[in-house]
Amino acid sequence: MTMIQTHLQTVRARMAAACQGAGRASHDVTLLAVSKTFGADAVVEAYSAGQTAFGENYIQEAVEKIAQLRHLTQPPIEWHCIGPIQSNKTRLVAANFDWVHTVDRLKTAQRLSEQRPADLPPLQVCIQVNVDGGDTKSGVLPAEALALAQQVASLPNLRLRGVMSIPEPAPDFAAACAMFARVKAVFDALNAEGLALDTLSIGMSADMEAAIHAGSTMVRVGSAIFGGRPRSV
Ligand SMILES: *Cc1c(COP(=O)(O)O)cnc(C)c1O
């Protein structure tokens, strides 16, 4: 087993323990392996150990990796865009990814829907929510989430799946749980409005246990699988 494969096992064990501690079934939470800054060879190592969902932040880097790995079809790799999307990158995102977690403006969503190639299934989308209130951060404020979600849900080539957030790192488990609970509250409020969302994308290497405790259905884990990154991203 390679180092990446050993790390993957450890992460899966952490997820299973967190699910058990939270009284949840372990299949309720899926693992998105965040491979940003790592090469196609690292993705293949994880894929060989059964990992099929990968998250990427940098569109150009991702598009190259996706092209290199097109031959892996049994099973197919599911590519998730988890980075900020500039307007001039929506076409590449729409053509190459299966999911986008970072929709926080109607304009971006409209472009993604218009530019989604007709031969591909709808792009799976999460609305990014900012629960810290920092006004320079990505994400809609909780009060704006419903309006955006309803508009996104009406776009023909997108399928709204849920809510994503990247809260600031919290000092301890209880504080992390409290922050993630704010995201869960947005998720629950949208579902109460009939949006039928199934994906709550919260939790990273350092705080996946708290996120699972708060109701995460998808944790996005990078460094705990692939190791430290050269850039602090
Ligand atoms: C990099 C990144 C992750 C993974 O972070 P780790 O701390 O390495 O697990 C998750 N989500 C987003 C949006 C990221 O940019």
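T37 is placed in the loop that runs between β1 (30-34) and α2 (40-48), where helices (H or I, at least four residues) and strands (E, at least two) are DSSP runs numbered from the N terminus. Although T37 is not a glycine, its phi is positive, at about 75°. The model is a predicted one, in which local features need pLDDT of at least 70 and side-chain atom pairs count only at pLDDT 80 or more, whereas totals for chains, interfaces and linings use all residues. Residues are numbered from 1 along each chain as its sequence is written, and side-chain values use heavy atoms, with hydrogens and water left out.

A positive phi, near 55°, is also found at A196, a residue other than glycine. A196 belongs to the loop between α7 (173-192) and β7 (199-201), and its relative accessible area of 63% makes A196 exposed; on this scale buried means under 20% relative accessible area, exposed over 50%, and partly exposed in between (1.4 Å probe, protein chains only).

The peptide bond from Q74 to P75 is cis, with omega near 0°. P75 is located in the loop between α3 (59-68) and β3 (78-81) and is partly exposed, with a relative accessible area of 42%. The C-alpha atom of P75 is separated by 7.4 Å from that of T52, and the two residues are 23 residues apart along the chain.

Q51, in the loop between α2 and β2 (53-56), counts as buried at 5% relative accessibility. Its side chain reaches the backbone oxygen of L31 at 2.7 Å and the backbone oxygen of A53 at 2.9 Å. These are polar contacts, meaning pairs of N or O atoms within 3.5 Å, for which, within protein, one atom must be able to donate a hydrogen and the other to accept it, and residues adjacent in sequence count only if both atoms are side-chain atoms.

The ligand is surrounded by 14 residues, of which the closest are K36, N57, S205, S223 and R229; a residue is near a molecule or strand if one of its heavy atoms lies within 4 Å of it. The shell around the ligand divides into 7 nonpolar, 4 polar and 3 charged residues, with Ala, Val, Leu, Ile, Met, Phe, Trp, Tyr, Cys and Pro counted as nonpolar, Asp, Glu, Lys and Arg as charged, and the others, Gly among them, as polar. An N or O atom in the side chain of K36 is 2.7 Å from an oxygen atom of the ligand, and a polar side-chain atom of R229 lies 2.7 Å from a ligand oxygen atom. From the backbone, an N or O atom of G222 lies 2.8 Å from an oxygen atom of the ligand. The protein covers 89% of the 390 Å² of accessible area that the ligand has on its own, areas being computed by the Shrake-Rupley method with a 1.4 Å probe.

M1 and A189 are 188 residues apart in sequence, and their C-alpha atoms are 44 Å apart in space.
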